[in-house]
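Subject: Structure for your review

Dear colleague,

Please find below the structure that I am handing over to you. I would ask you to keep it open while you read my notes.

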Amino acid sequence: MKKIAYIASECVPFIKTGGLADVVGTLPKIFSKKEYDVRIIIPNYMCIPSKYRDKMRFITNFHMDIGDHSQYVGIKYMEYEGVPVYFIDNEYYFSGITPYGDIKWDIEKFCYFSKAALSILPVIGFHPDIVHCHDWQAGMVPVYLKTLFAGNPFFSGIKSIMTIHNLQFQGRWDIEHVRYCSGLPDYLFTADKLEIHRDASMLKGGLVYADIITTVSNTYAYEIQTPYYGEGLDGLLQARHGSLVGIVNGIDYDTYNPERDKHLAKPYNIKNFRKNKVLNKTALQKELGLPVDKNQFVMGIISRLTNQKGLDLVDAAMNDICQDGVQFIVLGTGDQRYEEMFRYYQNFHPAKVSANIYFSDALSHKIYGGCDAILVPSRFEPCGLTQLMALRYGALPIVRETGGLKDTVIPYNEYEQTGTGFSFANYAPNELLQTINYAKEVYYNQKKNWEAMQERAMSMDYSWMSSAKKYEELYR
């Protein structure tokens, strides 16, 4: 039986700020219990909801050297949906009202967490074959494993995998501070190890020392080896390309299921969407105060409103997008600049634009169910989940060809009658606009082709099951 420890700063349902939490919380449930013993190790944040905290059982505690002092390490435990979860308990580090604070403090916190995650293994009597570490917050685990812990016979033979969910976030600070927080020797802070442009990067440490590196799509695995996407680590990732694998994330096909979605006005499936999906469109128009008209081409954006998401392109093209026959629905929060921008367009085009500057899970399901197309024009996108949900609901994705968007959306080819959406290559407003206009033209003038594309989109399989099979190959 293969034993695997997932080490991460987030995990659904306990704590989540992004897609990382979904991966850590969902994958371990899917592996066969006969073949895999997968356990999760995360911090015991005070901001984990009390309904989970109340079920945790205290196992034991000990003290651990970190930096120039000793720190308390408590171990709490619960089983969740058949998966053992260990929570590293330390009020000094984990008592904040959010999982992350300022980066300098977070570096100290996650150096402690990485060392503690390894230190608890002999205490709980679990000797994993593989430690699967996620993002910079667990980046020091492979470093500790190959350096400070290398002389301890308990840790011999443990392999490590480092998964990059977003290369932009690296746990970078000045060398002095990272050396102090980690307690690691001087020789590790050189250009071929943790040093990057006179700082130290915890993620870089993980990428240097891990046995295998994965990221969340094939195209992103290729892109991060180039200077444009590489965030200063492209040279290292090129050097390690033989150990670098891309595996696309999945989505929960029970939660995102148009046939059984309780948020929809009228559930539908691949057989009856032609007559039922439009009822969700008119219900959505009514709920959001847009003119109710089943013939409008309705586009949605469900996103964090940040620079990464390509919203400057939308801004440049918005007045041209809001032509006859189009309605545009936005859901999300983020940078003030983009929040204000969408409010402005709503005031300017009240019959065309609905700006919902908040987040609502229920409304997101209604938008997938009611829209004809979902727009994801990202500058970069390691994996992206929005387009996977859109495919599932037959809301055709309009995406920029980058990262996971390129890997999961097949561009429409009207001659061969293939494709599951629309895409454009260059990061340019005119290309975005041309692609939207082309989609609109197909929607209005090639209705049968549009519906055939919806059917293909809805029959794609981006469930966690197919991701899990690829991780199993890697583990083997």
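This is a predicted model: local features need pLDDT of at least 70, side-chain atom pairs count only at pLDDT 80 or more; totals for chains, interfaces and linings use all residues.

I begin with the parallel sheet. Strands of a sheet pair through backbone hydrogen bonds, in either a parallel or an antiparallel arrangement. Here, six strands make up an open sheet with parallel pairing, and their order is 15-14-13-16-17-18. The edges are taken by strand 15 (353-356) and strand 18 (422-424); each has a single partner strand, so one side of each is left without a neighbour in the sheet. On average, neighbouring strands of this sheet are turned by 15° against each other, direction ignored. At one end of the order, strand 14 (residues 326-331) runs parallel to strand 15, and four bridges join the two. Within this pair, Ile329 is found opposite Ser354 of strand 15. Helix 16 packs on the sheet, where it touches strand 13 (297-302), strand 14, strand 16 (373-376), strand 17 (396-400) and strand 18. The direction of helix 16 makes about 160° with that of strand 18.

Strand 3 (residues 57-66) is paired with strand 4 (residues 69-80) through nine bridges in the antiparallel sense. Asn61 has Gly74 of strand 4 as its bridge partner, and Met64 lies opposite Gln71 of strand 4. These two strands form a hairpin with two residues between them, and Gly67 in the turn has a positive phi of about 65°. Strand 4 also pairs with strand 5 (residues 83-89), again in the antiparallel sense, over seven bridges. In that pairing, Met78 is set opposite Val85 of strand 5. Strand 4 and strand 5 likewise form a hairpin with two residues between them, with Glu81 in the turn at a positive phi of about 50°.

Helix 10 gives the largest share, five residues. Sorted by class, the lining holds six nonpolar, three polar and seven charged residues.

Yours sincerely,
A colleague

Notes: Residues are numbered from 1 along each chain as its sequence is written. Side-chain values use heavy atoms; hydrogens and water are left out. Ala, Val, Leu, Ile, Met, Phe, Trp, Tyr, Cys and Pro count as nonpolar, Asp, Glu, Lys and Arg as charged, and the others, Gly among them, as polar. Two strands pair if DSSP finds at least two bridges between them. Axes are lines fitted to C-alpha atoms, for helices over the stretch in contact, and angles run from 0 to 180 degrees between N-to-C directions. Contact means heavy atoms within 4.5 Å.
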